[in-house]
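I opened the notebook to record what I looked up in this structure. My entries follow the order in which I checked things.

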Amino acid sequence: MLTADSGSVLRLVEIEGRGRALVASQPLKAGQIILQDSPIVVYSAFPLVKPQSSASYCDNCFRILSSSANVVPCPLCSHHPFCGLNCLTAATASSHSPWVCQALSRLRDCPSLFSQPLEQQVQARFLIAAYNLALVSPSDFQVLLSLQGQYSPSDAPAAEFLHSLISSVCPPPSLLISIELTAALLAKDKLNAFGLMEPISLQQDGERSARAYGIYPKASFFNHDCLPNACRFDYLDSAPDQNTDMIVRMIHDVPIGREICLSYFPVNLNYSARQKRLAEDYGFTCNCDRCKVEAHWSDNEADVIDDSGTVEENEDEEIMEEDNDEQMVASEGDEVGEADFPHAYFFVRYMCNREKCWGTLAPLPPSNDVQSKVLECNVCGDLKSEEDMC
């Protein structure tokens, strides 16, 4: 875990009204990698009976399985494919132990589970993965329990049903589970799970679906901001190893002591959509600088981005004049610059203009302390030069 004296470029602190947060322990540069985090739990985002029309992924590394891939099936069942013997061997010793395989197979044969919302099938996958973590890595299981996430009475029906189901159908060996533990784990998952998204080529109607969910213990400390100063990158289908790692890079310069924030969803959403999603998924109301401004806008005024990703200028928004461009760029790392960050400038410079992508751009990592003039989209992976964004 990150600590106040960890020597990291990030420092874990308590901020009143925001809880635990990560702040810069030194000045950070645009494109700088500030965190590479590995998940302690990864589990499929698909229902137990996967739709035939959906893509296939390795059940260990979650790379997409092409038609020419040398797929190796689980020897104990026919439901879990792997991209090779290495992944099968690794999974058998950890995430896809014989008990996990047996538990998922038994749950797949339970009619009562299929009468519940599809979400509960994915929650069942998470609980099996979490209980298995307690068996194969007790220390990581304690890390999972230490993450933020409080039980809510509204979650009681799902917790009670899933606890009863797993206890009777596939109880984990040598592990005493309780309704309280089940409820606590579901709360941790709801607040801390990151979606590992399907390739953008598979998105439908501008919406991407998750192929898996992962819980990243260090990245879970990043708070949300609707105009973030950092963004996450996943290289699930391209990284040669550790492909489920999350890499977080700075979008622009920030000074020492500044809180580092991610956006929990695409930055193009308007004020009402953002607030609704944050309240339903994370249980809080956002009061970031952008939300304070947009709270006074009408819905039409808030829709400043069209379907093609083009910024539509708003007469009521403080839009930067051309002769202020250089001053704005210079002030990105100043204490007063980021608080007045103009919306239009962020959208034009740091939002991908590929149609229906909605990704965020960050410079490639600096080379020899020289900032890259090439920006990478964290959704589609396109590379764009600074000249392209002007």
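**Entry 1: two helices in contact**

I began with helix α4 and helix α6, where Gln120, Gln123, Ala124, Leu127, Ile128 and Tyr131 in α4 meet Ala158, Phe161, Leu162 and Ile166 in α6. Contact here means heavy atoms within 4.5 Å. The model is predicted, so local features need pLDDT of at least 70 and side-chain atom pairs count only at pLDDT 80 or more, while totals for chains, interfaces and linings use all residues. Residues are numbered from 1 along each chain as its sequence is written, and side-chain values use heavy atoms, with hydrogens and water left out.

I looked up how α4 and α6 cross. Helix α4 covers residues 118-136 and helix α6 covers residues 156-169; their axes come within 11 Å and cross at roughly 60°. Axes are lines fitted to C-alpha atoms, for helices over the stretch in contact, and angles run from 0 to 180 degrees between N-to-C directions. The two helices are therefore oblique to each other. The cut-offs are under 35 degrees for roughly parallel, over 145 for roughly antiparallel, 65 to 115 for roughly perpendicular, and oblique for the rest. I noted the crossing of α4 and α6 as right-handed.

Next I took helix α5 (residues 138-146) and helix α7 (residues 179-192). Their axes are 9 Å apart, and they pack at an angle of about 75°. That makes α5 roughly perpendicular to α7. On the α5 side I found Phe141, Leu144 and Leu145, which meet Leu181, Leu185 and Lys188 in α7.

**Entry 2: the whole protein**

I then stepped back. The protein has 13 helices and 15 strands. These are DSSP runs numbered from the N terminus: helices are H or I with at least four residues, strands are E with at least two. Of its 390 residues, 50% count as buried. Buried means under 20% relative accessible area, exposed over 50%, and partly exposed in between (1.4 Å probe, protein chains only). I also looked at contacts between residues at least 6 apart in sequence: 63% of them join residues at least 24 apart.

**Entry 3: aromatic rings**

How many aromatic pairs does the structure hold? I noted nine. Rings of Phe, Tyr and Trp (its six-membered ring) pair if their centres lie within 6.5 Å; planes under 30 degrees apart count as stacked, over 60 as edge-to-face, and the rest as tilted. The rings of Tyr43 and Tyr213 have centres 5.7 Å apart and planes at 40°, so this pair is tilted. Tyr43 lies in strand β4 (residues 41-44) and Tyr213 in strand β8 (residues 210-215), so the pair ties together parts 170 residues apart in sequence. Tyr43 counts as buried, at 5% relative accessibility. Tyr213 counts as partly exposed, at 28%.

Phe346 and Phe347 form an edge-to-face pair, 6.4 Å centre to centre with 85° between the planes. Both Phe346 and Phe347 are buried. I also found that ring pairs link Tyr345, Phe346, Phe347 and Tyr350 into a cluster.

Arg249 lies over the face of Phe233, at 4.0 Å from the ring centre. For this, NZ of Lys or CZ of Arg must be within 6 Å of the ring centre and within 35 degrees of the ring normal.

Is Leu375 buried or exposed? I found it buried, at 3% relative accessibility. Leu375 sits in strand β14 (residues 374-377). Not counting residues up to four places away in sequence, Leu375 touches several others, including Arg349, Tyr350 and Leu361.

Ser372 lies in the loop between β13 and β14. It counts as buried, at 14% relative accessibility. Leaving aside neighbours within four places, Ser372 is in contact with Pro363, Leu364, Pro365, Pro366 and Glu386.

**Entry 4: positive phi**

Last, I checked Lys356. Its phi is near 60°, a positive value in a residue other than glycine. Lys356 is in the loop between α12 (343-350) and β13 (361-363), and counts as partly exposed at 30% relative accessibility. Trp358 is also in the loop between α12 and β13. Trp358 has a positive phi of about 65° although it is not a glycine. At 15% relative accessibility, Trp358 counts as buried.

Notes: Left-handed = near helix turned anticlockwise from the far one by under 90°.
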